[in-house]
Amino acid sequence: MFITTKEEIARIDSLSDRMLERGVEADLVGKISTLARTDQGTYDLMVLWAAEWDDNERDEILRDMQKSLDDYA
C-alpha cells in the first residue's frame, strides 16, 4: 500500500482543485483523489495529468484514472 506524506496529500488537494477548474466532474475528482491517497499509480497519473498541456492527452490520462477506479471497485 502506498502511504502518502503530508506534502503529497496537500499536492493531491491542489491537483484536485486544478482538475475541478478544468471542468472535470466533481464526483470523479473526489473518487480519484481518495484513491490517490492509497494508490501510487493513481497519484502519479494525477501528477502527469497536471503536467500535460494537450487536452487529448489529459483525456487519455483521465481514462486511465477511471480504469484504476474500476479496478478497485
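This briefing walks through the helix packing, the nonpolar core and a few individual residues of the structure above.

The model is predicted, so local features need pLDDT of at least 70 and side-chain atom pairs count only at pLDDT 80 or more, while totals for chains, interfaces and linings use all residues. Residues are numbered from 1 along each chain as its sequence is written, and side-chain values use heavy atoms, with hydrogens and water left out. Helices here are DSSP runs (H or I, at least four residues), numbered from the N terminus.

**Helix 1 with helix 3**

- The axes of helix 1 (residues 6-21) and helix 3 (residues 40-51) come within 10 Å and cross at roughly 50°. Axes are lines fitted to C-alpha atoms, for helices over the stretch in contact, and angles run from 0 to 180 degrees between N-to-C directions.
- That angle makes helix 1 oblique to helix 3. On this scale, angles under 35 degrees count as roughly parallel, over 145 as roughly antiparallel, 65 to 115 as roughly perpendicular and the rest as oblique.
- The crossing of helix 1 and helix 3 is left-handed, a term for a near helix turned anticlockwise from the far one by less than a right angle.
- From helix 1, the contact (heavy atoms within 4.5 Å) is made by Glu-8, Arg-11, Ile-12, Leu-15, Ser-16, Arg-18 and Met-19. Helix 3 brings Tyr-43, Met-46, Val-47, Trp-49 and Ala-50.
- By class, this contact of helix 1 with helix 3 has eight nonpolar, one polar and three charged residues. Ala, Val, Leu, Ile, Met, Phe, Trp, Tyr, Cys and Pro count as nonpolar, Asp, Glu, Lys and Arg as charged, and the others, Gly among them, as polar.

**Helix 2 with helix 4**

- The axes of helix 2 and helix 4 also come within 10 Å, and they cross at roughly 65°. The two helices are therefore roughly perpendicular to each other.
- Helix 2 passes helix 4 in a left-handed crossing.
- The contact joins Leu-28, Lys-31, Ile-32 and Leu-35 of helix 2 to Leu-62, Met-65, Gln-66, Ser-68, Leu-69 and Tyr-72 of helix 4.
- Residues in the contact of helix 2 with helix 4 divide into seven nonpolar, two polar and one charged.

**Helix 2 with helix 3**

- Helix 2 and helix 3 have axes 7 Å apart and pack at an angle of about 125°. Helix 2 and helix 3 are therefore oblique to each other.
- Ile-32, Ser-33, Leu-35 and Ala-36 of helix 2 make this contact with Thr-42, Tyr-43 and Met-46 of helix 3.
- The contact of helix 2 with helix 3 holds five nonpolar, two polar and no charged residues.

**The nonpolar core**

- The largest nonpolar core has 19 residues, of which Met-19, Val-24, Ile-32, Met-46, Trp-49, Leu-62 and Met-65 touch the most other members. Such a core is a set of buried Ala, Val, Leu, Ile, Met, Phe, Trp, Tyr and Cys residues joined through side-chain atoms within 4.5 Å.
- Helix 1, helix 2 (26-36), helix 3 and helix 4 (55-72) each supply at least two residues of this core.
- Met-65 is in contact with Met-19, Ile-32, Leu-45, Met-46 and Trp-49, leaving aside its neighbours within four places in sequence.

**Individual residues**

- Ser-16 lies in helix 1 and counts as buried at 8% relative accessibility. Buried means under 20% relative accessible area, exposed over 50%, and partly exposed in between (1.4 Å probe, protein chains only).
- Not counting residues up to four places away in sequence, Ser-16 touches Val-29, Ser-33 and Met-46.
- Ile-3 sits in the segment before helix 1 and is exposed, with a relative accessible area of 63%. Ile-3 and Asp-39 are 36 residues apart in sequence and 8.2 Å apart in space, C-alpha to C-alpha.
- Thr-5 is found in the segment before helix 1 and is partly exposed, at 35% relative accessible area. Thr-5 and Arg-37 are 32 residues apart in sequence and 9.0 Å apart in space, C-alpha to C-alpha.
- Asp-64 lies in helix 4 and is partly exposed, with a relative accessible area of 26%. Asp-64 and Gly-41 are 23 residues apart in sequence and 9.8 Å apart in space, C-alpha to C-alpha.
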